[in-house]
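Thanks, everyone. Let me put the model on the screen, and then I'll walk through the contacts.

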Amino acid sequence: MSATDTTTQERPIGRRGPYAELFFALMRSGTFLTGFAIVLFWVICALFGEHFTPYDPLADDIINALSPPSAEHWFGTDQIGRDVFSRVIVGSRDILTVAPLATLLATVAGTALGLFTGYFRGIADDIVSRVLEAFMAIPVVIVALLAIVALGTSKATVIVVIGLSFAPIIARTVRSAVLAERELDYVAAAQLRHESAFHTMFVEILPNVIPPILVETTVRLGYAIFAVATLSFMGFGIQPPSPDWGLSISNNYGMIGGGFWWTVLFDALAIASLVIGVNLVTDGIQGALND
Amino acid sequence: MVFLGGQVLPGNVGRAILGPFADQRAVDTLNHTLGVDRPLLTQYWSWISGFVQGDMGTSYVLRRPVAPEVIRALGNSLKLAAVAFALVVPIGILGGVVAALNLNRPLDRIISLGGLSVTVLPEFVTGIILILIFGVWLRWLPISAAWPRDAGFFTQLYYLILPSLPLFLVLFGYIARMARAGMIEALDSDYTRTAVLKGLPWRTVIWRHVLRNALLPTITVIATQTGYLIGGLVVIETLFRYQGIGSLIFTAARGKDFPMLESGILTIGIVYAVATLAADFLYSVLNPRIRLGGEQ
C-alpha cells in the first residue's frame, strides 16, 4: 500500500506510467506500425479468412487443375484444382496457432527457469545452466527431427518441441536480467520483510524484468514461425489437408521445373511477409524501449 | 544421448520397416537380424565401440554399411558449404565494412535493412523464390543440384551456385551485422583517433588499425554459424535434391533408419566441435592478447 502511494506522489503531474510511455513511443514508430499492420492482416485472415475467400480452400476441381492466374482464379489453381488464393488466405491459420503457442510455452518455461536460476544461483544454477547450454548446442531442426520421428507428427508435438527448444534461450535472457535486479534495494527490502522466495521472484522481481522478456518473446515468435514453416515444408509439421503455406510449397515445388510457378510463389511470399512483419514489430519494440 | 533419442523412443523397428500389415514372425526375424531385440546396453556398447573404429553399422533400409554413405554425403555437403562460405565471408565482411564507413547514410540503411530482412526468412522460402527467378524464368542456372556423372570441377560449381545462394542470404545478414558493429566500435576508439591525428593516410588507418581489431568478433560469429549451417543444409539439400549429409539425415529420419540417422547426427556433432575448436585457434592467432596454454 505504502509503495503505491510514494510512487504516485513522486511522479510529476502529467507524467505517464512506463507502459503508457512505451505505447506512445510505439505509436510514433513507423517500423512497428508497418510490422503490426502486416501481422494484423494475417491474423484477420486466420480468424475470418473463410468468410471472404472466393472458393472453398479444400474443394478440388480436377477439370481446372493447374490453371494459371486468371480473373476467376487470381492466383491460379493447384494440381487438383484447388484455388491458390483461397488457400493462401486460410493458410495463415495453422502457423498462427502453432507458432504463438510454442512461443508462449517457451516464454512461460523460460521465465520460470530464468527467475529460479538467477535468484538462487549456487549449485542449482550451475547444473541447470550447463544442461541448458548443452541443449542449445544442438540445432533446433535436428532436435525437432529426432523428437518428431520418435513421438509422431501432430500439432501438439511441434508446439512442445519448438517451445522446449526455445525455453533455454529465454531462460538465459531472464537470468541475466534477474542477476542485475537481485542486487537492488527493493529485493533486499522484500527479503528483510521475510517475504517468501516465491513472492520475491514473481511479485517483486518479475514486473521489473518484463521489458527484456517482451523483446525476447517477439524475437522468438519470429523464429518460431521460421521453425514451424520449415518443419511443415519437411513434412514433420502441420499435416494435410491443411492449406498451410510450408506444406503447400512442399507438395508443389516438385513441379516448378514445369513452369507452374503460381502454386508456390504466393505461399513463399506469404511466409516472407509474415516473418518480416513480426521482425519489424520486434525492431519497433526494441527501438521504443531503448529511447 | 543421440543414441538414446534415436533408439529408445521410437518403438518397434521391424514393424516400422515392414509396415503395419506384415506378419509378426517376419517382424521378429528382422528385428533379430538387425540385433534390435538385444538388451539396450549391449546394443549401445557395440554401436559406440564400432563408431570409434570407423564401423558405423549397417543401414536398416539399404542393407549396406553406413560409413561409406555418410562419408560420401559429408563430402558433398562440405562442397556445398565451401561454396556458400567462399561467397558469403568476403561479401558479408565487405558489406559490413561499407555500411560502417557510411554510417547512417542511405547505403548503410540499405545494407542493414536488406541483410536483416533476408536473414530472418526460412531457407526454403528464399530458395523457392531464387529457383523461380534464376531457374524457371531466366533459365540461367539448373534448378537441381544433381550434376551429370563425371562432371568436372566447374560444372559442379555451376550446379552448386543456386543451392548455396539461400545459405548465403541467411549468413550475409549475420556476418555483415557483426562486421558493421565491430567497425563502428573500432572507428570510435582512441587508437583510431591517435592514428588519424598522427597524420597517417586514411587508407592505412583503415587497413592496419581498424580492420584488424574490428574483424575479431566476426570470426567467432562465422564459426558459431556452422551449427546453423547444418540445420540449413537439411532444408536446402532436400529442396535441391542434393545427396548431402542433411538429406541423408532427413531420409533416414523418414525411413526410421536408425544406424544411418545416429551416425549422421554424430558426424555432424564432430564437425561442429572441430569448427568451434578451429575458431578458437584462429582467434588466438589473430589476437595476441589471447594465448592458448596459459603462458603469461
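**Interface and helix packing**

Start with the interface of chain A and chain B: the rule finds zero salt bridges across it. A salt bridge here is a side-chain nitrogen of Lys or Arg within 4 Å of a carboxyl oxygen of Asp or Glu. This is a predicted model, with local features needing pLDDT of at least 70, side-chain atom pairs counting only at pLDDT 80 or more, and totals for chains, interfaces and linings using all residues. Residues are numbered from 1 along each chain as its sequence is written, chains are lettered from A and ligands numbered from 1 in the order written, and side-chain values use heavy atoms, without hydrogens and water.

The two chains bury about 3,200 Å² between them, as accessible area (1.4 Å probe) lost on being put together, summed over both. Carbon and sulfur atoms carry 82% of that. Chain A gives 35 residues to the contact and chain B gives 37, counting heavy atoms within 4.5 Å.

Now inside chain A. Helices are DSSP runs (H or I, at least four residues), numbered from the N terminus. Axes are lines fitted to C-alpha atoms over the stretch in contact, and angles run from 0 to 180 degrees between N-to-C directions.

H5(A), residues 92–120, packs on H8(A), residues 155–181, at about 35 degrees, axes 5 Å apart. That crossing is right-handed.

Next, H12(A), residues 245–252, and H13(A), residues 262–290. Their axes come within 9 Å and cross at roughly 150 degrees. So H12(A) is roughly antiparallel to H13(A), the term for angles over 145 degrees. Trp245(A) and Ile249(A) are among the H12(A) residues in this contact.

Key. Helices (H or I, at least four residues) and strands (E, at least two) are DSSP runs, numbered from the N terminus. Angles under 35 degrees count as roughly parallel, over 145 as roughly antiparallel, 65 to 115 as roughly perpendicular and the rest as oblique. A crossing is left-handed if the near helix is turned anticlockwise from the far one by less than a right angle, and right-handed if clockwise.
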